[in-house]
Amino acid sequence: MEIGFLEYKVRNGDSLSSIASRLGITGEDLKLFHNSHCQRMDRIWFDHLNEVKSVFVPLHIQTEKQKDQKRKEILPLLQISDSFFEKTYKISETFESPFQPSLTVDYDVNLEVHKDRNTAHYKVSYSQDHFIANGNLPDDKMSDLSISCMKSIMPIDFVLNEQGRIIGFADHKKIITTFTDKRRDLDEFFIGEISKKYLDTFEKNIAEESFFLQQFQGTLLFQTLFPKMDWFHKKTDWTESFYFLQNSFSVQCQMEIEQKNEDQDHITTILTGNSTEFYSLQELQTGTKYNIPAEDPVTGHIIIEYTTHKKNKNLLQATASINLWRGEEFIQQHTITITQG
């Protein structure tokens with residue numbers, strides 16, 4: 001059996017911290033190591049080594065630099081790559097609120113990612129299909145119209161920056177042209193004044209590039225599916241902005257990270273955040289900041305969990321949830337699960 005430690009004979013002037021310093025570890029780490037290998041009566045509790053004759057020290061020590069390097073080897077890269085994404089993901093979103101019936105929407109997302117030869121950016125061709133609401137195919141006219149409008153302009157090509165975030169459309173004019181070409185068919189199928197008004201509004205919205213882009217960026221799907229790649233490498237708390245509601249504004253959150261490395265092939269990264277900016281529910285719902293302190297502010301809690309492959313470094317699964325509270329009153333929970341197709 002391999003022995004991973006040796007017995008160091010204490011000399012005059014030695015202390016736990018001085019011995020540990022020569023080994024490249026902390027005194028606390030050395031104390032914990034010694035106490036886990038010695039007899040109960042020989043445990044050490046203080047930095048001074050009065051009357052202590054020997055200390056068990058580890059033979060194989062990893063410096064912080066070596067630990068960081070090993071950690072980097074199993075985490076996704078700091079910059080986005082086309083291998084990070086799978087081609088198809090199954091999506092399940094649930095909306096729960098005490099004010100209305102819960103809703104679960106399931107659908108597929110298809111991705112084609114490639115690097116632009118002329119820039120350092122990546123392009124992702126995005127489409128979605130196979131919608132199911134609460135276990136059934138959407139059967140009302142407006143849901144069908146909404147889905148048909150989005151399908152008519154897909155796939156949509158987005159631009160990803162090196163960090164992995166969506167920063168724009170690859171060709172916004174193409175989206176407008178595509179819808180214009182297909183609108184006649186939609187007008188013939190969806191007849192009536194209400195449908196015409198919806199189609200007019202949709203055409204107007206996609207024409208406003210920044211507004212239409214925010215419609216995607218503000219979704220929990222895009223905030224989860226397209227993470228900043230440096231999230232996986234964080235070691236200390238940091239501040240990040242998230243959209244709690246889609247057609248709103250982003251809110252600053254204080255973030256923490258935890259990683260579980262218990263599986264041979266996979267590593268799990270868990271991000272947890274709490275809002276540090278406080279707005280009223282009306283401000284969040286209307287997307288308008290009143291610039292006065294909210295009398296009854298809403299607090300938000302977000303948690304995102306990623307499972308990535310240690311060797312291939314691709315995204316296998318992600319889950320996320322946003323919870324909104326007003327004092328002790330529960331306002332809304334929005335959860336999403338993203339799994340390989």
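**Reading a fold, step by step**

Me: Is Cys149 buried or exposed?

Reply: Cys149 is buried, at 0% relative accessibility. The general idea is to ask how much of a residue can be reached by a probe: buried means under 20% relative accessible area, exposed means over 50%, and partly exposed lies in between (1.4 Å probe, protein chains only). Keep in mind that this is a predicted model, where local features need pLDDT of at least 70 and side-chain atom pairs count only at pLDDT 80 or more, while totals for chains, interfaces and linings use all residues. Residues are numbered from 1 along each chain as its sequence is written, and side-chain values use heavy atoms, with hydrogens and water left out.

Me: What is the relative accessible area of Cys38, and how many disulfides are there?

Reply: Cys38 has a relative accessible area of 12%, so it is buried. A disulfide is a pair of cysteine sulfur atoms within 2.5 Å, and searching the whole structure gives zero of them. Across the protein, 41% of the 341 residues count as buried.

Me: How many helices and strands does the protein have?

Reply: Helices (H or I, at least four residues) and strands (E, at least two) are DSSP runs, numbered from the N terminus. Here there are nine helices and 13 strands. The protein is more spread out than a compact globule, because its radius of gyration is 27 Å, well over the 20 Å from the globule rule for 341 residues. That radius is taken over C-alpha atoms, and the rule is 2.2 Å times the number of residues to the power 0.38. The C-alpha trace spans about 95 × 50 × 35 Å along its principal axes.

Me: Which residues is Leu315 in contact with, beyond its neighbours within four places in sequence?

Reply: Contact means heavy atoms within 4.5 Å. Leaving those neighbours aside, Leu315 touches Phe84, Glu86, Tyr89, Leu225, Tyr306, Thr307 and Thr308. Leu315 sits in strand β12 (residues 315–326) and is buried, at 0% relative accessibility. For the protein, 60% of contacts between residues at least 6 apart in sequence join residues at least 24 apart.

Me: Where is Asn35 placed, and which residues does it contact?

Reply: Asn35 lies in helix α2 (residues 27–37). With a relative accessible area of 12%, Asn35 is buried. Its contacts, apart from neighbours within four places in sequence, are Arg43, Ile44 and Trp45.
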